[in-house]
Protein chains: 4
Amino acid sequence: MTTTSRVAMLRELRPPAERPFVLEEVAIPPLTEGAVLGRMVLAGVCGTDVHILHGKVPIKLPAILGHENVCQVVEIGGSKPLADITGQPVQVGDLITWLPKSCMQCYSCTILKDQSKCERRIGYGGWLPAWQHPYLVGGFAEYVWLLPGSDIVVVNDVAPEAVVLGDALRVMVHAVENVGGICYGDTVVVQGSGAVGMMGILLALDAGAGQVIVTGGPAARLDLVRELGADVAIDIFGVRAPERIAQVLELTHGRGADVIIEATGVPTAVAEGLEMVRINGRYVIAGHYGDAGTVPLNPHLINRKQVTITGAWSADNSHFLRGLTLLRKLSRETLDKLVRPRFSLTDINAALLATERQETVKVVVAP
Amino acid sequence: MTTTSRVAMLRELRPPAERPFVLEEVAIPPLTEGAVLGRMVLAGVCGTDVHILHGKVPIKLPAILGHENVCQVVEIGGSKPLADITGQPVQVGDLITWLPKSCMQCYSCTILKDQSKCERRIGYGGWLPAWQHPYLVGGFAEYVWLLPGSDIVVVNDVAPEAVVLGDALRVMVHAVENVGGICYGDTVVVQGSGAVGMMGILLALDAGAGQVIVTGGPAARLDLVRELGADVAIDIFGVRAPERIAQVLELTHGRGADVIIEATGVPTAVAEGLEMVRINGRYVIAGHYGDAGTVPLNPHLINRKQVTITGAWSADNSHFLRGLTLLRKLSRETLDKLVRPRFSLTDINAALLATERQETVKVVVAP
Amino acid sequence: MTTTSRVAMLRELRPPAERPFVLEEVAIPPLTEGAVLGRMVLAGVCGTDVHILHGKVPIKLPAILGHENVCQVVEIGGSKPLADITGQPVQVGDLITWLPKSCMQCYSCTILKDQSKCERRIGYGGWLPAWQHPYLVGGFAEYVWLLPGSDIVVVNDVAPEAVVLGDALRVMVHAVENVGGICYGDTVVVQGSGAVGMMGILLALDAGAGQVIVTGGPAARLDLVRELGADVAIDIFGVRAPERIAQVLELTHGRGADVIIEATGVPTAVAEGLEMVRINGRYVIAGHYGDAGTVPLNPHLINRKQVTITGAWSADNSHFLRGLTLLRKLSRETLDKLVRPRFSLTDINAALLATERQETVKVVVAP
Amino acid sequence: MTTTSRVAMLRELRPPAERPFVLEEVAIPPLTEGAVLGRMVLAGVCGTDVHILHGKVPIKLPAILGHENVCQVVEIGGSKPLADITGQPVQVGDLITWLPKSCMQCYSCTILKDQSKCERRIGYGGWLPAWQHPYLVGGFAEYVWLLPGSDIVVVNDVAPEAVVLGDALRVMVHAVENVGGICYGDTVVVQGSGAVGMMGILLALDAGAGQVIVTGGPAARLDLVRELGADVAIDIFGVRAPERIAQVLELTHGRGADVIIEATGVPTAVAEGLEMVRINGRYVIAGHYGDAGTVPLNPHLINRKQVTITGAWSADNSHFLRGLTLLRKLSRETLDKLVRPRFSLTDINAALLATERQETVKVVVAP
């Protein structure tokens, strides 16, 4: 039996180019009742990981990053049967992923009934400390040690490359739910073509949109967007905002889009989007996980057009489960376009660098 | 039978103090089938009338203003029975009011099913021209001539002083509907204590709010607000914005209000309100009928708190009908506080001046 | 210029086998301003047409049936430009369809804002009388004469075979809207595999359902259902109700379906469906256009499971427009499976007979 | 310090008239960390308690009933600060109530986010066993022993007589929420004038209903209903169902009520209510906690009127908190009418008998 795990330890924050991760060997603690030891199969690298390295998202060091994970169950602590969040049994050999754990006791969890706003959420891959038990708390490693009561999902029937996309997708499922769903035939504008925006595009296409328009870039990314089925992709580097707005209006008989999903993190995108949305249209802000400051907005515009604007913060377990519908549909060909390149754990610093450069949609690491 | 009507004609735009209205006699055209001649009983003066005089709301001259009206039916054109918008018969002697008429043919009326956003709405009291048939198109007059097909409501069972409040109230009924209704026990903040805000306060109190907090002014107005039942009234002239926000948070156990209704027309109120609203709270912008420019807002705040922001533009017939519930409940004592002073048509310029000075909630004119 | 039109006149109600339709020549009235003369391209035969022949849906005779229509514009009355319900110009040579016309004045149209419940709806193909101007009021004819103000949709970019499916589809779009939309990944049960159910299946598949289960028959129809993408099709002729319920529960981890769409017209289907739906699930009754009597239902079940049950009556223009998204996507191969056989007007009685026998999904008539 | 508590022990099921409860002395177990010992102030007797005695609601014996409780905190186990479900501190001397405890781990709690449908809910007053630790698990006793983690609400600012009404009220708050809220001015029919119906009436009146119509009985109860503000009360013992339906239609201009709240537990009430509700109206079944069998309903009626029918099962903590708004408003005069008579623990059997006879709205027991 294995007794140690190789991990990519992060002891100091510095940019990817300065190689912040160091490979270390960590002892695997014995399993307690209900704990799970998993051998990592695939870990996605998230834009948030890059933000962490730049000090924009606060975490405590040392840390093991990696929160978009698939592992294979090696051992389960104790003898009681273990179930995933849907009630399905978890067994040795299963491929699983796991989600942030809401406390189910705070005001958000109990009175607001919104677990995505849990006041004491536990997150693997940076938010749980790597300097105390159970140490193996992130996906950039050979093994993970999941706490008893972790929110596990068995994903034997989903390609690991698809599962790592589920982290971005669940935010989009949440966003679409918060914005009142896509009413069949809606014209949807997705602002942004990063991993989150890309999942929004695929989701809108599969959830009944009549027309999907994307504003994003760069050009190569937009080619991919079109290949994946978007009706129109507008290059923000080649087309200025007033012209982008004009194009959306033209594509909607001058009326504007029914739904706009913001996945950019850029405040000015919101002002732009409010010009693109129709009377009584809906707008969801999902890309502002970080605080990027204010943008001048006109209350008269919201009042007159009766736009509904809302936000979507992270996601809860139900959103991940709903997203499985899309993850199961992604073809090998599509996954090859979206999930690449694949780095070994040894090359973790290169993986982060590739993510920082936004060369592809989802960089992954396999031990 | 009367053949002419005295009217307060507006031939040139100038401020109330410069006495823009001139009393004239206008011939009453013969009634066509379905038209209604009414003798004015009471006309409310709206803040919009003042904005018109200042050139901020475009209309064509000459005009007869007055769109918050109660009249008594003097004659009905033709012999066919006439019904109001609820199907109730309209008869000579009835007290009636009438609402803006939506075209029921445009995209908003037919496909969006939102008559308040009608693209070709007909409004009495400034929007219908006074230089062509039927001339008598506003409430600041002795008689009105209602076009066949007008959206009439019989209000025999409502005090005329209450009916004139219905114009502001219906906007608030619409706002509350658009913001998802007041969930029983909600803490509601009403920003603004003008006629519209005042109706929002009374509506929230009667629609199941658990706590109603008002930010407005001046002090005398806030005394009235408290007399009418608001739990807390915060004086915007005496308390600065950060402190107002702090007070609302303190009144809500640090969580923020469930619902905020904006009725100020001041862009900075929106930024302030977003700090007052709770996670997953709701915010409706109803005071920005005019374009008062932009305000810096933070998309991160909307994203993180998952606030739902929307607008309410004017109202449709259903909102006026729902508002009757409140109008019927207003006691004589309350009406005396809200609807005063009463001017004769001869003193129309003074009525507008009193409205401009915001001395009372609703100034009225009786011929 | 043509001066007469051949029509399939219905002068007496009798079953299809007794050949109720007689071919007649009717004079084409001159066009008035805004009226449209169209040469029929394709008319779908609806199950309702069969019900009419059996006296189950009351109409006045003589009548020209056919309310699922595509025609080509031959002439437009007057000189004013004509627009369809989206604002797009209607011109000679265009392929168009038209929808039931709501009055836009009744309580349902104005206060309830629900045009599908219009109290005075005008329907072509049986509801407008064929014995008075403009006579040519149904699709089982060579020409149609559309009244000024008709709700026309230009469908140049849609296959005529798809357009005739739009009548059944719009009811399903309405049903899905009334039931709160399909939340992405929902398991949807469609009860019924007739034309309406078939459109419900295709709609659910395209609107983001994670799993679509069908209960219907006969076997050949279910083969088609599976070919079109349904995950599971249960034969009501081969599998008894308790077993059907058990299968749905098994397919949903014992929890029941998220959404059930009833398109059977059989009251017992509702009792069955309530056993198939999950806690807090949604159920829409869309197949009970006719009154087929009562069924014993258990209020405790509704109370305990908190099921939301609702209905969808016909549809309004917005639903047809939304349905175009699906109609445009239907491949030639799919249309060939769904829309057949094609009869000439001469064989109208055979077309009705084929419809009565439910041999195919949508029988059509072309002049 | 007290070491024993007098309790009304239920060791055998038999009707109230046969005096099923026996007073016993039970030792008070020492408090563990976070447990609370309370001296009972007031316990409401619920109709469910009577159903339990008749064997219609299964529980295990011996049991201590009483689930509508107010007690005063005597002692808190351990030294950690204790908070109620809103975060407010719980201290010795506080008046508190407590709610059923949802597990927050099952599918309903986590994925459906509906704690009222918790699969493993813990209820005091009959559902927790009285033969094992901590024994003192019901309100018909001198003391209660609340388990650590119990869902406590501090109610120092609410009259104890009001608090015991909160159990029935929270179901109505839930029902109103599930039925889409009361839209301002709605006509609401409450079917039933028992404790739950009575709370529904008061809630509708305070939540913005324009007209509240009650169908119930007997006559004395309806007099009370009218005193409390209902617009119309129809006696089901004196007026037959068709006439009741006719009255509701007449009171709504022939259109039917906007909202119907069922609080009868009688299946035929649902058929009756479906005739009373308007097109697009809403109907919530809240009185069928027990299974009283089926009733013939017509799917065509639901389809044609597009009624939305739903259920409300128990309630969650948020509903109780919202209900506090009403509980705080109840005047002493109203409480004296609703909450009476008061029995001592010694007379517990008489209290159950009075409840069985439905002589008053809420019988209470004080030690």
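Which residues of β7(C) are buried on one side, and which on the other? In this predicted model, L95(C), T97(C) and L99(C) take one side of the strand, while I96(C) and W98(C) take the other, and all of them are buried. Both faces of β7(C) are covered, in other words. The strand spans residues 95-99 of chain C, and five of its five residues count as buried, so β7(C) ends up largely enclosed by the rest of the structure.

Then there are the strands that pair with β7(C). Strand β4, residues 68-76 of chain C, is joined to β7(C) by two bridges, and this pair runs antiparallel.

Over in chain D, helix α5 covers residues 195-206, which makes 12 residues. From first C-alpha to last it reaches 17 Å, close to the 16 Å expected at 1.5 Å a residue. With 20 or more other C-beta atoms within 10 Å as the cut-off for a buried residue, 11 of the 12 residues of α5(D) qualify, so the helix is largely enclosed by the rest of the structure. The buried set runs through A195(D), V196(D), G197(D), M198(D), M199(D), G200(D), I201(D), L202(D), L203(D), A204(D) and L205(D). After the helix comes G208(D), with a positive phi near 100°.

Terms used: Residues are numbered from 1 along each chain as its sequence is written. Chains are lettered from A and ligands numbered from 1 in the order in which they are written. This is a predicted model: local features need pLDDT of at least 70, side-chain atom pairs count only at pLDDT 80 or more; totals for chains, interfaces and linings use all residues. Helices (H or I, at least four residues) and strands (E, at least two) are DSSP runs, numbered from the N terminus. The expected span of a helix is 1.5 Å times one less than its number of residues. Two strands pair if DSSP finds at least two bridges between them.
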